[in-house]
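Open the model in your viewer and keep the selection panel at hand. The stops below go one element at a time.

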Amino acid sequence: MRTILITGPGGTGRTTVAAATALAAARQGTRTLLLGADRDDTLGAALGVPTGPAPVRVEPHLTAWRPDAAQGFRDGLAALQERAASALDLLGAARLDAEELTPLPGADELALLRALRDAALAGGGDRHDLLVVDLPPAPRALALLALPEELRRYLRRLLPPERQAARALRPVLGRLAGVPMPAEALYEAAARWDLELAATEAVLADRNTVVRLVAEPGPAGADAVHAATLGLALRGLRTDLLVANRVLPEDTPADSWLAGPLAQQRKTLAEWRGAYDVRTVAHLGRDPRGPYDLAALDAPGIVPDASPVEWPVTDRLADDGVLVWHIPLPGAIRDELDLVRRGDELVVTVGPFRRIVPLPSALRRCTVDGAALRDGTLAVRFAPDPALWPRSR
(Lines give C-alpha, C1' and ligand atoms only; values in the text may rest on other atoms or scores of the structure.)
Protein backbone atom coordinates (compact mmCIF):
# COMPACT_ATOMS: atom_id res chain seq x y z
CA MET A 1 0.00 0.00 0.00
CA ARG A 2 1.27 3.46 -0.89
CA THR A 3 0.81 6.39 1.47
CA ILE A 4 1.05 10.07 0.51
CA LEU A 5 1.14 12.50 3.44
CA ILE A 6 0.26 16.00 2.27
CA THR A 7 1.15 19.14 4.20
CA GLY A 8 2.34 22.68 3.69
CA PRO A 9 1.91 26.20 5.03
CA GLY A 10 -1.57 27.08 6.26
CA GLY A 11 -3.90 28.78 3.80
CA THR A 12 -2.20 27.49 0.63
CA GLY A 13 -4.86 25.02 -0.51
CA ARG A 14 -3.34 21.95 1.15
CA THR A 15 -6.70 20.21 1.65
CA THR A 16 -7.86 20.99 -1.88
CA VAL A 17 -4.68 19.50 -3.36
CA ALA A 18 -5.06 16.41 -1.15
CA ALA A 19 -8.61 15.92 -2.41
CA ALA A 20 -7.54 16.48 -6.03
CA THR A 21 -4.65 14.03 -5.64
CA ALA A 22 -6.94 11.32 -4.26
CA LEU A 23 -9.54 11.95 -6.97
CA ALA A 24 -6.92 11.75 -9.74
CA ALA A 25 -5.61 8.43 -8.45
CA ALA A 26 -9.13 7.00 -8.01
CA ARG A 27 -10.12 7.90 -11.57
CA GLN A 28 -7.08 5.97 -12.78
CA GLY A 29 -8.53 2.88 -11.11
CA THR A 30 -6.56 2.97 -7.84
CA ARG A 31 -8.60 2.09 -4.75
CA THR A 32 -7.97 5.21 -2.67
CA LEU A 33 -8.76 6.26 0.89
CA LEU A 34 -8.60 9.98 1.71
CA LEU A 35 -8.07 10.83 5.40
CA GLY A 36 -8.58 14.25 6.99
CA ALA A 37 -8.24 15.65 10.51
CA ASP A 38 -9.88 19.09 10.49
CA ARG A 39 -12.87 19.41 12.83
CA ASP A 40 -14.51 21.65 10.23
CA ASP A 41 -15.44 19.66 7.16
CA THR A 42 -13.02 21.41 4.81
CA LEU A 43 -12.40 18.07 3.13
CA GLY A 44 -16.09 17.63 2.38
CA ALA A 45 -16.30 21.18 1.08
CA ALA A 46 -13.55 20.45 -1.44
CA LEU A 47 -15.02 17.09 -2.47
CA GLY A 48 -18.61 18.31 -2.61
CA VAL A 49 -19.59 15.38 -0.35
CA PRO A 50 -19.93 15.68 3.45
CA THR A 51 -17.35 13.61 5.37
CA GLY A 52 -17.36 12.43 8.96
CA PRO A 53 -16.62 9.62 11.42
CA ALA A 54 -17.98 6.95 9.07
CA PRO A 55 -16.14 6.41 5.76
CA VAL A 56 -18.16 7.76 2.84
CA ARG A 57 -17.97 6.66 -0.80
CA VAL A 58 -17.23 9.67 -3.02
CA GLU A 59 -16.72 7.86 -6.32
CA PRO A 60 -16.37 4.18 -7.30
CA HIS A 61 -12.69 4.00 -6.26
CA LEU A 62 -12.56 6.86 -3.73
CA THR A 63 -13.53 6.76 -0.04
CA ALA A 64 -13.16 9.70 2.36
CA TRP A 65 -12.92 9.47 6.14
CA ARG A 66 -12.61 12.11 8.86
CA PRO A 67 -12.17 10.31 12.23
CA ASP A 68 -14.10 11.59 15.26
CA ALA A 69 -11.41 12.79 17.68
CA ALA A 70 -13.95 13.45 20.44
CA GLN A 71 -15.29 9.90 20.49
CA GLY A 72 -11.81 8.43 20.29
CA PHE A 73 -10.69 10.58 23.23
CA ARG A 74 -13.70 9.54 25.33
CA ASP A 75 -13.20 5.85 24.58
CA GLY A 76 -9.47 6.00 25.30
CA LEU A 77 -9.82 7.82 28.60
CA ALA A 78 -12.65 5.55 29.73
CA ALA A 79 -10.47 2.51 29.05
CA LEU A 80 -7.54 4.10 30.90
CA GLN A 81 -9.73 4.77 33.94
CA GLU A 82 -10.88 1.16 33.93
CA ARG A 83 -7.33 -0.19 33.79
CA ALA A 84 -6.13 2.20 36.50
CA ALA A 85 -9.13 1.56 38.76
CA SER A 86 -7.08 0.29 41.73
CA ALA A 87 -4.71 3.27 41.67
CA LEU A 88 -7.58 5.74 41.36
CA ASP A 89 -9.39 4.10 44.28
CA LEU A 90 -6.21 4.28 46.37
CA LEU A 91 -5.98 8.01 45.71
CA GLY A 92 -9.67 8.56 46.34
CA ALA A 93 -10.09 10.01 42.85
CA ALA A 94 -13.56 10.45 41.36
CA ARG A 95 -13.84 9.03 37.89
CA LEU A 96 -14.92 11.16 34.96
CA ASP A 97 -18.12 10.33 33.14
CA ALA A 98 -18.03 9.95 29.36
CA GLU A 99 -20.48 12.83 28.80
CA GLU A 100 -18.25 15.33 30.63
CA LEU A 101 -15.14 14.56 28.59
CA THR A 102 -14.06 16.99 25.89
CA PRO A 103 -11.01 16.46 23.65
CA LEU A 104 -7.76 18.05 24.77
CA PRO A 105 -5.42 19.85 22.35
CA GLY A 106 -3.76 17.26 20.16
CA ALA A 107 -6.69 14.82 20.18
CA ASP A 108 -7.34 15.44 16.47
CA GLU A 109 -3.75 14.58 15.59
CA LEU A 110 -3.78 11.41 17.70
CA ALA A 111 -7.03 10.31 16.08
CA LEU A 112 -5.48 10.87 12.66
CA LEU A 113 -2.39 8.81 13.59
CA ARG A 114 -4.56 5.92 14.77
CA ALA A 115 -6.67 6.09 11.62
CA LEU A 116 -3.53 6.21 9.45
CA ARG A 117 -2.10 3.14 11.19
CA ASP A 118 -5.37 1.18 11.03
CA ALA A 119 -5.93 2.02 7.35
CA ALA A 120 -2.36 1.10 6.37
CA LEU A 121 -2.53 -2.23 8.21
CA ALA A 122 -6.11 -3.12 7.19
CA GLY A 123 -6.72 -6.34 5.34
CA GLY A 124 -9.46 -7.94 3.31
CA GLY A 125 -12.20 -5.75 1.91
CA ASP A 126 -11.10 -2.75 3.99
CA ARG A 127 -7.71 -2.57 2.31
CA HIS A 128 -6.93 0.17 -0.22
CA ASP A 129 -4.09 0.56 -2.70
CA LEU A 130 -3.42 4.22 -1.88
CA LEU A 131 -3.82 6.24 1.29
CA VAL A 132 -3.82 10.05 0.90
CA VAL A 133 -3.61 11.90 4.22
CA ASP A 134 -4.48 15.58 4.57
CA LEU A 135 -2.11 16.48 7.40
CA PRO A 136 -2.38 19.70 9.45
CA PRO A 137 -0.30 22.74 8.38
CA ALA A 138 3.44 22.09 8.27
CA PRO A 139 4.52 23.10 11.82
CA ARG A 140 1.80 20.95 13.42
CA ALA A 141 2.37 18.18 10.90
CA LEU A 142 6.06 17.95 11.77
CA ALA A 143 5.23 17.66 15.47
CA LEU A 144 2.61 15.02 14.65
CA LEU A 145 5.04 12.93 12.58
CA ALA A 146 7.59 13.06 15.42
CA LEU A 147 5.07 11.95 18.04
CA PRO A 148 5.27 8.12 17.75
CA GLU A 149 9.06 8.04 18.08
CA GLU A 150 9.11 10.50 20.98
CA LEU A 151 6.28 8.83 22.90
CA ARG A 152 8.00 5.45 22.58
CA ARG A 153 11.17 6.94 24.00
CA TYR A 154 9.27 8.39 26.96
CA LEU A 155 7.62 5.04 27.63
CA ARG A 156 10.93 3.19 27.58
CA ARG A 157 12.41 5.67 30.06
CA LEU A 158 9.43 5.74 32.44
CA LEU A 159 8.52 2.05 32.26
CA PRO A 160 11.62 0.17 31.04
CA PRO A 161 10.66 -3.22 29.59
CA GLU A 162 13.55 -4.94 31.39
CA ARG A 163 12.06 -4.05 34.77
CA GLN A 164 9.06 -6.22 34.03
CA ALA A 165 11.30 -9.20 34.81
CA ALA A 166 10.99 -8.22 38.48
CA ARG A 167 7.18 -8.17 38.45
CA ALA A 168 7.07 -11.24 40.74
CA LEU A 169 8.71 -9.16 43.47
CA ARG A 170 6.23 -6.30 43.35
CA PRO A 171 3.69 -7.85 45.77
CA VAL A 172 6.47 -8.43 48.31
CA LEU A 173 7.84 -4.91 47.85
CA GLY A 174 4.31 -3.57 48.19
CA ARG A 175 3.81 -5.26 51.53
CA LEU A 176 7.17 -4.02 52.78
CA ALA A 177 6.47 -0.45 51.67
CA GLY A 178 2.90 -0.53 52.96
CA VAL A 179 1.44 0.76 49.66
CA PRO A 180 0.52 -1.03 46.43
CA MET A 181 3.27 -1.12 43.83
CA PRO A 182 2.59 -0.47 40.13
CA ALA A 183 0.15 -3.06 38.94
CA GLU A 184 0.82 -5.61 36.25
CA ALA A 185 -1.80 -3.84 34.15
CA LEU A 186 0.39 -0.74 34.02
CA TYR A 187 3.24 -2.62 32.35
CA GLU A 188 0.82 -4.45 30.10
CA ALA A 189 -0.64 -1.10 29.03
CA ALA A 190 2.86 0.28 28.39
CA ALA A 191 3.70 -2.75 26.24
CA ARG A 192 0.45 -2.35 24.30
CA TRP A 193 1.05 1.38 23.74
CA ASP A 194 4.61 0.68 22.62
CA LEU A 195 3.36 -1.89 20.11
CA GLU A 196 0.75 0.50 18.72
CA LEU A 197 3.25 3.35 18.46
CA ALA A 198 5.79 1.05 16.81
CA ALA A 199 3.19 0.09 14.20
CA THR A 200 2.48 3.76 13.46
CA GLU A 201 6.21 4.52 13.31
CA ALA A 202 6.68 1.64 10.87
CA VAL A 203 3.97 3.03 8.56
CA LEU A 204 5.66 6.45 8.52
CA ALA A 205 9.10 4.92 7.87
CA ASP A 206 7.85 2.51 5.21
CA ARG A 207 9.50 2.72 1.79
CA ASN A 208 6.06 3.29 0.23
CA THR A 209 5.30 6.33 2.42
CA VAL A 210 6.20 9.80 1.16
CA VAL A 211 5.49 13.37 2.21
CA ARG A 212 4.23 15.79 -0.44
CA LEU A 213 4.60 19.52 0.22
CA VAL A 214 2.07 22.06 -1.04
CA ALA A 215 2.93 25.77 -1.11
CA GLU A 216 2.09 28.90 -3.01
CA PRO A 217 5.22 30.18 -4.79
CA GLY A 218 6.43 33.42 -3.24
CA PRO A 219 8.74 34.65 -0.46
CA ALA A 220 6.56 33.37 2.40
CA GLY A 221 6.05 30.02 0.68
CA ALA A 222 9.78 29.66 0.05
CA ASP A 223 10.59 30.22 3.73
CA ALA A 224 7.94 27.71 4.82
CA VAL A 225 9.12 25.05 2.36
CA HIS A 226 12.72 25.49 3.50
CA ALA A 227 11.74 24.98 7.14
CA ALA A 228 9.50 22.00 6.39
CA THR A 229 12.16 20.32 4.25
CA LEU A 230 14.70 20.67 7.04
CA GLY A 231 12.31 19.29 9.66
CA LEU A 232 11.38 16.31 7.49
CA ALA A 233 15.04 15.56 6.74
CA LEU A 234 15.89 15.50 10.44
CA ARG A 235 13.12 12.91 10.90
CA GLY A 236 14.41 10.83 8.00
CA LEU A 237 11.12 11.18 6.11
CA ARG A 238 11.02 11.13 2.32
CA THR A 239 9.49 13.82 0.14
CA ASP A 240 8.43 13.01 -3.41
CA LEU A 241 7.11 16.29 -4.82
CA LEU A 242 6.72 19.96 -4.13
CA VAL A 243 3.35 21.09 -5.49
CA ALA A 244 3.36 24.78 -6.39
CA ASN A 245 -0.30 25.70 -5.95
CA ARG A 246 -2.36 28.58 -7.35
CA VAL A 247 0.12 29.38 -10.10
CA LEU A 248 -0.98 32.39 -12.16
CA PRO A 249 -1.23 32.11 -15.97
CA GLU A 250 1.82 33.15 -17.97
CA ASP A 251 -0.31 35.22 -20.36
CA THR A 252 -1.22 37.69 -17.62
CA PRO A 253 -1.11 41.21 -19.16
CA ALA A 254 1.98 43.21 -18.21
CA ASP A 255 -0.15 46.17 -17.09
CA SER A 256 -2.31 43.99 -14.81
CA TRP A 257 -2.00 44.24 -11.04
CA LEU A 258 -1.19 40.52 -11.15
CA ALA A 259 2.08 41.20 -12.99
CA GLY A 260 3.91 41.74 -9.67
CA PRO A 261 2.71 38.50 -8.01
CA LEU A 262 3.44 36.63 -11.25
CA ALA A 263 7.04 37.90 -11.26
CA GLN A 264 7.43 36.71 -7.64
CA GLN A 265 6.04 33.30 -8.59
CA ARG A 266 8.43 32.97 -11.52
CA LYS A 267 11.43 33.76 -9.34
CA THR A 268 10.41 31.31 -6.61
CA LEU A 269 9.60 28.55 -9.10
CA ALA A 270 13.03 28.93 -10.71
CA GLU A 271 14.67 28.53 -7.29
CA TRP A 272 12.49 25.55 -6.37
CA ARG A 273 13.16 23.72 -9.62
CA GLY A 274 16.87 23.78 -8.79
CA ALA A 275 16.29 21.91 -5.54
CA TYR A 276 12.99 19.97 -5.77
CA ASP A 277 10.84 17.94 -8.12
CA VAL A 278 8.21 20.63 -8.69
CA ARG A 279 4.72 20.19 -10.15
CA THR A 280 2.47 23.19 -10.72
CA VAL A 281 -1.26 23.49 -10.13
CA ALA A 282 -2.98 26.39 -11.85
CA HIS A 283 -5.08 29.05 -10.15
CA LEU A 284 -8.68 28.55 -11.26
CA GLY A 285 -9.69 32.09 -10.35
CA ARG A 286 -12.03 30.70 -7.68
CA ASP A 287 -12.02 28.31 -4.74
CA PRO A 288 -12.26 24.78 -6.19
CA ARG A 289 -15.44 22.98 -5.12
CA GLY A 290 -16.58 19.55 -6.17
CA PRO A 291 -15.17 16.85 -8.48
CA TYR A 292 -15.33 18.98 -11.63
CA ASP A 293 -13.08 21.71 -10.18
CA LEU A 294 -10.75 19.17 -8.56
CA ALA A 295 -10.26 17.39 -11.88
CA ALA A 296 -9.55 20.74 -13.57
CA LEU A 297 -6.60 21.27 -11.21
CA ASP A 298 -4.80 18.31 -12.83
CA ALA A 299 -3.04 17.51 -9.56
CA PRO A 300 -0.20 14.98 -9.72
CA GLY A 301 -1.09 11.45 -8.67
CA ILE A 302 1.28 8.59 -7.85
CA VAL A 303 4.86 9.16 -8.99
CA PRO A 304 7.70 6.63 -9.25
CA ASP A 305 9.39 5.62 -6.04
CA ALA A 306 11.24 8.45 -4.33
CA SER A 307 14.83 7.89 -3.29
CA PRO A 308 15.06 6.47 0.23
CA VAL A 309 16.57 8.62 2.96
CA GLU A 310 19.78 7.04 4.22
CA TRP A 311 22.10 7.96 7.09
CA PRO A 312 25.13 5.84 6.14
CA VAL A 313 28.19 5.16 8.27
CA THR A 314 31.46 5.27 6.30
CA ASP A 315 34.43 3.22 7.46
CA ARG A 316 37.57 5.37 7.32
CA LEU A 317 39.44 3.52 10.04
CA ALA A 318 42.27 2.44 7.77
CA ASP A 319 42.94 5.96 6.43
CA ASP A 320 41.93 8.37 9.20
CA GLY A 321 41.15 6.14 12.19
CA VAL A 322 37.48 7.20 12.33
CA LEU A 323 33.98 6.16 11.37
CA VAL A 324 31.87 8.91 9.78
CA TRP A 325 28.09 9.15 10.18
CA HIS A 326 26.49 11.11 7.32
CA ILE A 327 23.20 12.85 8.17
CA PRO A 328 21.53 14.70 5.26
CA LEU A 329 20.19 18.08 6.40
CA PRO A 330 19.47 20.13 3.26
CA GLY A 331 19.34 23.84 3.96
CA ALA A 332 20.90 23.58 7.44
CA ILE A 333 22.98 26.52 8.67
CA ARG A 334 26.06 25.89 10.80
CA ASP A 335 25.21 28.62 13.31
CA GLU A 336 21.82 26.95 13.96
CA LEU A 337 23.25 23.47 14.40
CA ASP A 338 24.05 21.80 17.72
CA LEU A 339 25.15 18.27 18.65
CA VAL A 340 25.27 16.62 22.07
CA ARG A 341 26.36 13.03 22.76
CA ARG A 342 24.19 11.53 25.50
CA GLY A 343 25.12 7.95 26.30
CA ASP A 344 24.12 5.84 23.31
CA GLU A 345 22.17 8.70 21.75
CA LEU A 346 22.98 11.78 19.71
CA VAL A 347 20.89 14.91 20.30
CA VAL A 348 20.70 16.84 17.02
CA THR A 349 19.30 20.39 17.01
CA VAL A 350 18.96 22.25 13.73
CA GLY A 351 17.08 25.53 13.64
CA PRO A 352 13.78 25.07 15.53
CA PHE A 353 13.91 21.27 15.28
CA ARG A 354 15.39 18.74 17.67
CA ARG A 355 15.70 14.98 17.58
CA ILE A 356 17.28 12.41 19.87
CA VAL A 357 18.68 9.62 17.69
CA PRO A 358 20.00 6.27 18.92
CA LEU A 359 23.53 5.64 17.70
CA PRO A 360 24.22 2.71 15.36
CA SER A 361 25.74 -0.18 17.32
CA ALA A 362 29.30 0.34 16.03
CA LEU A 363 29.30 4.01 17.02
CA ARG A 364 28.27 3.27 20.61
CA ARG A 365 31.80 1.99 21.22
CA CYS A 366 33.30 5.24 19.96
CA THR A 367 33.81 8.80 21.11
CA VAL A 368 32.80 11.83 19.05
CA ASP A 369 35.86 13.20 17.25
CA GLY A 370 34.30 16.20 15.51
CA ALA A 371 31.69 17.19 12.94
CA ALA A 372 31.39 19.24 9.76
CA LEU A 373 28.49 20.53 7.66
CA ARG A 374 29.13 20.53 3.93
CA ASP A 375 26.75 20.60 0.96
CA GLY A 376 23.71 19.97 3.11
CA THR A 377 25.15 16.90 4.86
CA LEU A 378 26.31 16.73 8.46
CA ALA A 379 29.33 14.42 8.83
CA VAL A 380 29.97 13.34 12.43
CA ARG A 381 33.32 11.64 13.09
CA PHE A 382 33.63 8.89 15.69
CA ALA A 383 36.94 7.52 16.97
CA PRO A 384 37.00 4.00 18.48
CA ASP A 385 37.24 3.95 22.28
CA PRO A 386 40.19 1.63 23.11
CA ALA A 387 38.41 0.45 26.26
CA LEU A 388 35.35 -0.70 24.29
CA TRP A 389 36.60 -1.43 20.78
CA PRO A 390 37.47 -5.08 19.97
CA ARG A 391 41.20 -5.64 19.73
CA SER A 392 42.67 -7.71 16.93
CA ARG A 393 44.91 -10.57 17.98
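## Stop one: helix 9

Select helix 9. It runs for 16 residues and spans 23 Å from its first C-alpha to its last, close to the 22 Å expected at 1.5 Å a residue. Bear in mind that this is a predicted model. The range to type is residues 219–234.

Now colour the buried positions of helix 9: G221, V225, A228, T229, L230, G231, L232, A233 and L234. Step past the end of the helix. G236 follows helix 9, and its phi is positive, near 70°.

## Stop two: helix 6 against helix 9

How do the two helices lie relative to each other, roughly parallel or roughly antiparallel? Two packed helices are described by the angle between their axes and the distance between the axes. An angle under 35 degrees counts as roughly parallel. Helix 6 and helix 9 are therefore roughly parallel to each other.

Show side chains at the contact. Helix 6 brings A138, L142 and L145, while helix 9 brings A228, G231 and L232. By class, five residues in this contact are nonpolar, one is polar and none is charged. A228, G231 and L232 are also among the buried residues of helix 9.

## Stop three: helix 1

Move to helix 1, residues 14–27. Its 14 residues reach 20 Å from first C-alpha to last, close to the 20 Å expected at 1.5 Å a residue. Is helix 1 mostly covered or mostly exposed? It is mostly covered, with twelve of its 14 residues buried. Select the buried ones: R14, T15, T16, V17, A18, A19, A20, T21, A22, L23, A25 and A26. G29 follows helix 1 and has a positive phi, near 95°.

Select T63, in strand 4 (residues 62–65). T63 has 10% relative accessibility; the cut-off for buried is under 20%, so T63 counts as buried. Display its partners beyond four places in sequence: T32, L33, L34, P55, V56, R57 and H128.

Next, select T51. This residue sits in the loop between helix 2 (42–47) and strand 3 (56–59). T51 also counts as buried, at 8% relative accessibility. Leaving aside neighbours within four places in sequence, T51 is in contact with D41, L43, G44, V56, A64 and R66. Keep V56 on screen: it touches T63, and it is in contact with T51 as well.

## Stop five: a loop leucine

Go to L359, in the loop between strand 13 (353–358) and strand 14 (366–374). Is L359 buried or exposed? L359 is buried, with a relative accessible area of 2%.

Which residues does L359 contact, beyond four places in sequence? They are W325, R341, G343, D344, E345, L346, R364 and F382. Draw a distance from L359 to E345. The two are 14 residues apart in sequence and 5.3 Å apart in space, C-alpha to C-alpha.

## Last stop: the whole chain

Zoom out and show the cartoon. The protein chain has twelve helices and 15 strands. Of its 393 residues, 42% count as buried. Among contacts between residues at least 6 apart in sequence, 67% join residues at least 24 apart.

Key. Residues numbered from 1 in each chain as written. Predicted model: local features only at pLDDT ≥ 70, side-chain atom pairs only at ≥ 80, totals over all residues. Heavy atoms only, no water. Helix = DSSP H or I, 4+ residues; strand = E, 2+ residues; numbered from the N terminus. Buried < 20%, exposed > 50% of the residue type's maximum accessible area, 1.4 Å probe, protein only. Contact = heavy atoms within 4.5 Å. Axes fitted to C-alpha atoms, helices over the stretch in contact; angles between N-to-C directions. Parallel < 35°, antiparallel > 145°, perpendicular 65-115°, else oblique. Nonpolar A, V, L, I, M, F, W, Y, C, P; charged D, E, K, R; others polar. Expected span 1.5 Å × (residues − 1).
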